[in-house]
Amino acid sequence: MTEFSVHIYIAGNLFLDTFNTLNVEMQMLCQFKLIPGRLLNQKDLPYILTPNELLNHLNRFTDLPSLKASLPIKLQRHSAISDSQGVFQTVSRIRQLVEQGEWAALSLMNQHRSVDSLHLVQGSGLKKRIDKVVNPSVTRSRLKVKPTLLRSSSNASSITPISEKKSDNKIVIEFAGQWPNNAASISMSKLKNINEKTVKPKKDSRNGHRSLVEFTSLDDRNRALYLTLPSMNSAKEINLLLSESLPPITKETEMAEWDNVLVPVVPFKAKNRDFLLQEASLYPSGYIYVVWNNNVWRELKITKDYQFMDIDLTSENKTNSGEKVANRHVDIALTHPEYGCYFSDEPFDVKQNGKTVFSGVLDVYGQARVFDLTEDKVIIELPKTPTHYSIELETTDSLFGSKQSDIRPVSGHALPHIWVPYKIAGQPQTLYAYHSLPQLTDDQLSELASNPETMAQRIEGLDSYTELQQFNDDGASVIALQSSLSSQALPVSIENQSEQGIAALLMSSPQDEIVFAYCQHHTVDEPDDYFELFNTEHKWSQKVYLGQVLALDDGYQSIRFTGWPSEVKTVTLKRVNKGNEYHPEQPPIIIYQDIEISELV
């Protein structure tokens with residue numbers, strides 16, 4: 001065999017391996033098919049996928065060529081798809097085409113459910129397509145039966161009219177501004193967590209300052225009202241409760257301002273509580289929290305392009321189902337079993353369930369600590385030693401891992417703004433907003449919910465919408481979103497909203513807040529080390545773990561304390577190193593003792 005033929009042979013094998021790998025991946029990913037909506041028929045209905053379920057399939061694709069290759073040729077050539085850039089934009093456009101009914105998504109497996117259980121958006125193109133397939137004889141205008149006169153007969157008196165419960169009521173939700181649709185909707189329900197109808201806001205053609213959601217043809221029973229968001233992690237939607245029991249009104253009712261009003265806001269960082277124009281800035285990263293009725297109602301992560309992704313606080317699962325949480329660590333301290341000397345600077349591997357999950361080098365004392373493990377026991381191997389030394393070690397629960405992973409994963413799709421309730425059932429609502437660079441722990445969430453007055457900022461200025469149908473610029477925290485808001489150049493996603501009647505939410509740091517910078521020491525710090533601020537007399541304390549805080553650009557970490565009771569006047573601040581089984585916990589370092597809290601704020 002010549003050298004040239006050897007190269008061809010090897011290249012051919014590589015091509016076949018690559019092709020086979022791609023083929024297997026495509027088979028794994030393509031558990032669905034897309035057909036033109038006009039071809040949908042009765043036989044397809046048991047296989048129909050909702051737009052959100054299709055989204056779960058599409059989100060498994062990690063690169064654009066594979067995603068487009070899975071689509072029908074006709075769909076690949078569709079202008080919305082051929083011009084799309086990136087996986088996220090293409091997935092969004094496919095979902096939109098399905099929701100409009102131009103295309104339909106079918107599972108390769110029978111879903112064994114009725115179309116009534118799909119809870120599709122009322123009035124969407126897909127809903128109309130399916131209704132037309134289910135009831136082909138019923139047209140959009142629906143047949144009207146003319147009343148007929150019953151002629152007198154001997155049994156006419158036995159005929160009794162059938163009385164039906166009237167369904168001529170409605171529920172209306174008003175939104176400040178008019179903007180293009182996004183992933184969010186409004187749902188109502190007679191039963192808890194089962195959406196009866198889901199509707200997106202539409203521009204009010206008669207009033208340019210607002211959009212409306214209308215639920216019509218309702219009986220007189222009260223409904224629960226939700227803000228509904230499609231989930232990226234499951235077919236189940238995220239439902240954020242707006243009202244547990246909202247009474248419908250008669251269909252003839254008209255209002256200058258409806259009893260239920262939501263306001264879209266875009267958060268900005270204010271320099272201080274004067275809320276002056278030109279002094280606002282964008283948050284570089286972090287999380288926005290909305291507190292309502294002593295409950296953290298929304299938690300949203302700020303994206304790189306300054307959009308906002310919801311985290312499902314109602315979900316009990318903080319990780320994907322079936323996956324173990326990587327929240328254990330192992331402390332390694334190895335000495336030679338025969339000579340008793342340290343395995344100094346020795347390369348090592350950590351094996352978990354037979355697989356190498358970490359490789360590193362022991363320090364001069366033969367020690368290392370490895371995080372993000374899942375099993376109770378792991379194997380430590382020293383591959384460079386003559387005997388290929390190995391030992392089994394037990395792992396320990398960790399408060400934090402070495403990775404800056406989310407405590408609660410993002411669930412919702414990116415949104416250009418955040419809906420907050422201004423009025424529900426005619427009553428103005430009291431709301432608070434809070435920003436944090438690191439994601440709050442469960443304990444901190446509870447603290448924020450119970451003590452928003454001191455930890456967070458009250459959202460004020462929404463009432464100017466009632467007076468002016470727009471927002472003032474008079475020093476309140478809610479003002480009109482405009483390009484002159486900040487001296488910074490605003491992202492396109494924000495700039496485009498400046499003429500849509502949307503509000504800016506200016507957020508200042510709490511007045512009662514202590515922030516200091518801590519210089520990181522990578523050879524000393526561990527994620528479960530912490531700073532503690534406490535007052536012994538009033539039995540109050542707050543801990544900030546190093547694993548909670550984000551690193552700043554200059555090698556420092558920002559340590560923040562807030563939310564202490566008003567009766568606390570003096571505090572002690574200490575630094576605690578937890579140690580490990582080989583190095584006992586060190587005595588805490590007292591930084592300040594019984595210092596006036598006013599000196600630290």
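## A tour of selected residues

Begin by selecting K132, which is found in helix 7 (residues 125-134); helices here are DSSP runs of H or I with at least four residues, strands are DSSP runs of E with at least two, and both are numbered from the N terminus. The model is predicted, so local features need pLDDT of at least 70 and side-chain atom pairs count only at pLDDT 80 or more, while totals for chains, interfaces and linings use all residues. Residues are numbered from 1 along each chain as its sequence is written, and side-chain values use heavy atoms, with hydrogens and water left out.

K132 is exposed, with a relative accessible area of 63%; exposed means over 50%, buried under 20%, and partly exposed in between, with a 1.4 Å probe and protein chains only. Patch members have over 30% relative accessible area and no salt bridge, with like charges joined within 9 Å and nonpolar side chains (Val, Leu, Ile, Met, Phe, Trp, Tyr) within 5 Å. A salt bridge is a side-chain nitrogen of Lys or Arg within 4 Å of a carboxyl oxygen of Asp or Glu.

**The nonpolar patch.** Select next Y342, V364 and Y365, which make a nonpolar surface patch of about 330 Å². V364 lies in the loop between strand 18 (355-361) and strand 19 (367-373), and this residue is partly exposed, at 47% relative accessible area.

**Two positive phi angles.** Move to D372 in strand 19. Although D372 is not a glycine, its phi is positive, about 65°. Most residues other than glycine have a negative phi. Then select H388, in the loop between strand 20 (377-381) and strand 21 (390-394). The phi of H388, also a residue other than glycine, is positive and near 55°; H388 is partly exposed, with a relative accessible area of 40%.

**Cysteines.** Select C341 and C519. C341 is partly exposed at 40% relative accessible area, and C519 is partly exposed at 33%. The structure holds zero disulfides, a disulfide being a pair of cysteine sulfur atoms within 2.5 Å.

**After strand 34.** Finish at S598, in the segment after strand 34 (589-596). S598 is exposed, with a relative accessible area of 55%. Select I514 as well: S598 and I514 are 84 residues apart in sequence, and their C-alpha atoms are 9.5 Å apart in space.

Technical notes:
Areas by Shrake-Rupley, 256 points an atom, 1.4 Å probe, with all protein chains shown as cover.
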